[in-house]
Amino acid sequence: MQQVTLTDVLEAKERLASLQAELRSIHKIPIISITTNIPGAVKDSTESRNLLRLAADRVRSMSREQGFSIVEERFIYPLTGPTAVLAVAGDPDKLKLACITIEESGYFARLFDLDVFDAAGRQISRRGLGQTERTCFLCNQSAVLCRRLGSHASQDIMNNVGERLSSFVAAATNPWPKAVWDIGSWALEAMLMEAACTPSPGLVDRDNAGAHRDMDFFTFLMSSSALAGTMFRCAAAGYQHQGLLQDLLPVLRYIGKDGEQQMLHATCGVNTQKGLVFLLGILAAATAYTTKLASGVAAAQILDTAAAITRGIVARELAPLAGGLGNAKLTAGENLYVQYGVTGIRGEIEAGIPSIREYGLPAVTAALEQGLSLNDALVHTLMSLMTVVQDTTILHRHGMEVLLTVQNQAKQIIAQGGMLSDVGRKQISALDQSFIERNISPGGVADLVAATYFLHLTAKA
């Protein structure tokens with residue numbers, strides 16, 4: 001990193017003015033000039049170049065959002081600091097107002113300047129638009145005035161710039177907008193809460209391992225932690241997606257496959273939540289996609305978006321199996337479709353997950369409104385879903401007769417009040433022991449509990 005001399009400054013100004021004039025001459029439209037604003041003798045560095053790229057990215061995003069068109073971009077890297085010049089088709093006053101918003105978008109944004117010139121080369125000033133001038137690094141006075149008066153010690157200014165650069169480097173570690181972080185966090189919370197609610201008949205919970213011999217509560221904690229990144233990636237995929245919603249599904253499946261490998265690595269090969277990766281991953285993407293388009297999104301809108309993402313999946317992937325595939329090896333879900341015509345989680349999502357719309361969300365909402373703890377409300381939701389869901393885990397391991405028996409038992413418990421009554425609570429505890437003895441694990445229902453709680457969290461946001 002070389003120190004800047006007066007000659008360097010004069011040459012850089014001339015070069016920048018020449019580049020601006022060239023782009024105006026070629027395109028005859030306004031120009032946005034982006035420069036870094038780093039006091040001190042060293043101005044061209046890795047940090048300042050990264051800062052310039054971020055500022056340019058924000059101008060691109062602003063242009064897309066407000067309908068401006070970037071016709072050409074030029075980047076130069078003199079010793080006086082990296083610079084970008086963009087030819088942008090749009091009203092120069094509106095461009096300047098948008099650039100002011102970018103300049104005031106964060107603590108470190110004070111470290112770059114966005115100057116706007118109209119097609120004739122006239123610079124659009126803040127004051128000319130009725131806006132206040134940029135303030136000093138250290139106080140609320142005009143930066144020009146403070147510099148002219150020498151109001152602050154140079155070391156104090158440099159210390160402040162160092163703090164702003166640190167905040168920029170810290171911000172650069174965050175690859176996603178707040179919506180993606182929120183949604184990924186909700187998905188992780190949903191996985192953990194489903195595993196934690198107790199008693200969960202036949203399932204791993206805080207009291208026992210249910211009808212499982214190869215996993216326990218801590219296995220689920222490890223598995224959920226390993227899948228956190230997958231949920232954030234699914235949310236990011238939904239947030240960034242443009243075009244047909246069906247085109248998002250293959251992307252989510254690749255992300256899900258990576259997640260499955262991370263899960264299996266964390267659990268030493270035990271499949272704890274493979275089905276949930278598919279279900280919750282799609283819901284996370286659907287939530288992010290829908291949230292990007294409008295605020296205050298309802299659960300019904302998210303479920304509709306999930307249905308759109310998976311539209312045609314049963315016809316593509318399951319319906320052809322009805323004719324038989326000879327000796328082809330089928331998955332458990334495919335075998336159930338051939339044997340019983342059950343479409344499983346594919347059919348559920350494509351239909352907009354009616355079990356959650358009609359049973360899961362009403363159950364958790366009513367239970368919480370009637371004063372149940374979150375734990376008890378989730379157990380109550382589990383039992384409500386168990387009354388109607390064609391749980392493919394039970395169906396695969398035990399057949400249709402056992403599944404129907406399980407549904408009837410759940411109906412009887414809900415009729416007795418479920419977790420809202422002492423009788424229902426005792427019956428749920430007894431059912432847990434019965435399922436353990438009979439090796440019954442309603443894993444499909446458990447996934448829907450997690451998905452229900454996830455949607456409950458989105459509604460609270």
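This is a predicted model: local features need pLDDT of at least 70, side-chain atom pairs count only at pLDDT 80 or more; totals for chains, interfaces and linings use all residues.
I76 touches R15, L19, P82 and T83, leaving aside residues up to four places away in sequence. I76 belongs to strand β2, which covers residues 69-76. Is I76 buried or exposed? Its relative accessible area is 10%, and because buried means under 20%, I76 counts as buried. For a sense of distance, consider D182, which lies 106 residues from I76 along the chain. The C-alpha atoms of I76 and D182 are separated by 38 Å.

In soluble globular proteins, nonpolar side chains tend to be buried together. The largest nonpolar core here has 83 residues, and L283 and F454 touch the most other members. Which helix gives the most to this core? The answer is helix α9, residues 274-293, with 12 residues. The contacts of L283, again without residues up to four places away in sequence, are I302, L303, A306, I353, A451 and F454. Another core, of 28 residues, lies apart from the largest one, and its members include I34, A56, A84 and F108.

My last topic is a pair of helices. Helix α14, residues 354-369, packs against helix α19, residues 443-460, at an angle of about 65°, and their axes are 10 Å apart. That angle makes α14 roughly perpendicular to α19. Their crossing is right-handed. On the α14 side, the contact is made by S355, I356, G360, L361, V364 and L368. On the α19 side, L448, A451, T452, L455 and H456 take part. How do the residues of this contact divide? There are 7 nonpolar and 4 polar residues, and no charged ones.

Definitions and conventions: Residues are numbered from 1 along each chain as its sequence is written. Side-chain values use heavy atoms; hydrogens and water are left out. Axes are lines fitted to C-alpha atoms, for helices over the stretch in contact, and angles run from 0 to 180 degrees between N-to-C directions. Helices (H or I, at least four residues) and strands (E, at least two) are DSSP runs, numbered from the N terminus. Angles under 35 degrees count as roughly parallel, over 145 as roughly antiparallel, 65 to 115 as roughly perpendicular and the rest as oblique. A crossing is left-handed if the near helix is turned anticlockwise from the far one by less than a right angle, and right-handed if clockwise. Contact means heavy atoms within 4.5 Å. Ala, Val, Leu, Ile, Met, Phe, Trp, Tyr, Cys and Pro count as nonpolar, Asp, Glu, Lys and Arg as charged, and the others, Gly among them, as polar. Buried means under 20% relative accessible area, exposed over 50%, partly exposed in between (1.4 Å probe, protein chains only). A nonpolar core is a set of buried Ala, Val, Leu, Ile, Met, Phe, Trp, Tyr and Cys residues joined through side-chain atoms within 4.5 Å.
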